[in-house]
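Please keep the sequence and the structure in view while reading.

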Amino acid sequence: MHKKLPARLLSIDVFRALTMFLMIFVNDVDGVENIPGWIKHVPASADGLGFADTIFPGFLFIVGLSLPFAIKKRLKNGDPFYKVALHILARSLALLVMGFLHVNLEHYSNTALLPKAVWEILITIGFFLIWLDYPKDIKKTTRYLLQAAGVILLLVMAWLFKGGKAEALVGLKPYWWGILGIIGWSYLVCALLFLISNKRLLTQFIFFSVLFTINLLYCTGLLKHPLPVIGNAASPALTMAGVVITLLYSTLVGKGKEKQLWILFTTIGIAMLFIGFATRPYADGISKIRATTPWIAICTGISILVFELMIWLVDVKDRQHWFKAIRPAGTSTLTCYLIPYLLYSLYMLTGFRYPHFLNEGIGGIARSFAAAFFVIWITGVLEKKRLRLRI
């Protein structure tokens with residue numbers, strides 16, 4: 001007899017942890033030479049999909065999986081509409097600020113007053129001071145002083161920032177929003193749509209269909225320019241897909257139709273893969289960099305099928321202990337994402353270099369896996385000491 005599926009899935013946290021682990025891995029392995037090309041991102045001009053190109057869309061999908069649970073919980077606990085809306089705006093703003101500074105970090109000038117590594121460490125400290133998950137028993141005055149110190153630190157770093165070439169230095173400016181910024185915009189759009197709507201499955205499916213169609217129109221050239229806030233709608237479409245899947249899960253489990261769940265998830269996942277390959281010749285090919293419709297569809301299909309596997313492993317077979325080593329990546333995800341910025345900065349300041357055999361081939365791949373585990377271990381240590389970010 002199969003175990004009854006729960007209303008709130010542990011598999012979402014495990015899926016998030018696995019995705020975060022792989023995100024750290026692909027970011028690190030990007031600098032490794034002489035490894036199979038399919039592991040890395042494909043070039044911007046290419047029509048193809050590397051393993052690394054499937055990780056970020058998976059994370060956007062997971063944002064959508066968690067979103068209905070989080071918002072419904074706040075409403076159920078008695079938070080008024082305006083308070084939930086302000087929380088959504090605050091979370092989005094935090095991600096946008098961090099993403100904006102990270103993108104400018106890519107253009108940091110060697111002629112700036114502070115070395116790049118020092119500036120990187122200081123903005124990360126600022127992030128922790130502002131968005132740390134402070135203990136409930138801490139004095140409000142102490143918390144506000146620490147958060148104010150974080151704000152001042154970021155403002156000073158913004159003032160000191162110099163980017164571009166030595167002969168034409170520039171201050172902070174928008175290039176793109178970075179990983180965190182894209183998540184912020186996508187979360188803002190989907191969370192507000194969910195909050196102001198009736199929160200039903202059909203409504204959210206319509207939202208997904210509209211976002212998906214906007215992207216299709218853009219990739220086929222029928223829509224000439226990206227739209228305000230949503231751009232070509234690729235990222236919010238991926239997040240809204242997660243919202244739809246969560247609501248579909250809750251609906252089926254609520255009606256006791258668990259057998260149909262497996263059939264539907266498998267069918268929808270395969271159907272999205274088919275849509276991706278069917279639209280490939282007409283919608284600018286498969287490309288993460290160009291955020292094309294085939295890329296969205298294929299990655300949505302992969303995410304649904306992997307999520308289904310996670311449900312079976314974690315919530316049905318109770319195999320969550322298999323993922324114990326990476327658990328902190330799912331419970332302190334933002335902290336885990338920021339730790340590499342501190343580590344790589346320390347490597348730069350100390351002149352640390354990996355031995356040559358760890359910079360290429362199998363040795364390099366093994367190094368990147370080890371680096372991902374090391375980052376998550378640090379995250380776990382910090383989590384036990386209540387040093388984690390919460391937005």
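Contact means that heavy atoms lie within 4.5 Å. Helices (H or I, at least four residues) and strands (E, at least two) are DSSP runs, numbered from the N terminus. The model is predicted, so local features need pLDDT of at least 70 and side-chain atom pairs count only at pLDDT 80 or more, while totals for chains, interfaces and linings use all residues. Residues are numbered from 1 along each chain as its sequence is written, and side-chain values use heavy atoms, with hydrogens and water left out.

**Helix 7**

Helix 7 covers residues 201–219. The expected span of a helix is 1.5 Å times one less than its number of residues. For the 19 residues of helix 7 this gives 27 Å, and the end C-alpha atoms are 27 Å apart, which agrees.

Which residues of helix 7 are buried? They are Thr203, Gln204, Phe208, Leu211, Phe212, Ile214, Asn215 and Cys219. Buried means under 20% relative accessible area, exposed means over 50%, and partly exposed lies in between (1.4 Å probe, protein chains only). The cover over these buried residues includes helix 6 (178–196), helix 8 (234–254), helix 9 (258–279) and helix 10 (293–316). An α-helix has 3.6 residues a turn, so residues three or four places apart point the same way.

**Residues with positive phi**

Most residues other than glycine have a negative phi, and most peptide bonds are trans. Lys199, in the loop between helix 6 and helix 7, has a positive phi near 65° and is not a glycine. Arg386, in the segment after helix 13 (361–384), also is not a glycine, and its phi is positive at about 60°. Gly221, which follows helix 7, has a positive phi near 90°.

| Residue | Relative accessibility | Class |
|---|---|---|
| Gly99 | 1% | buried |
| Lys199 | 21% | partly exposed |
| Ile275 | 31% | partly exposed |
| Arg386 | 40% | partly exposed |

Gly99 lies in helix 3 (residues 81–105). Apart from neighbours within four places in sequence, Gly99 is in contact with Trp177, Gly178, Leu180 and Gly181. Pro281 is 182 residues from Gly99 along the chain, and their C-alpha atoms are separated by 33 Å.

Ile275 is in helix 9. With neighbours within four places in sequence left aside, Ile275 is in contact with Phe212 and Ala297. Phe212 is one of the buried residues of helix 7. Between the C-alpha atoms of Ile275 and Val189, 86 residues apart along the chain, the separation is 24 Å.
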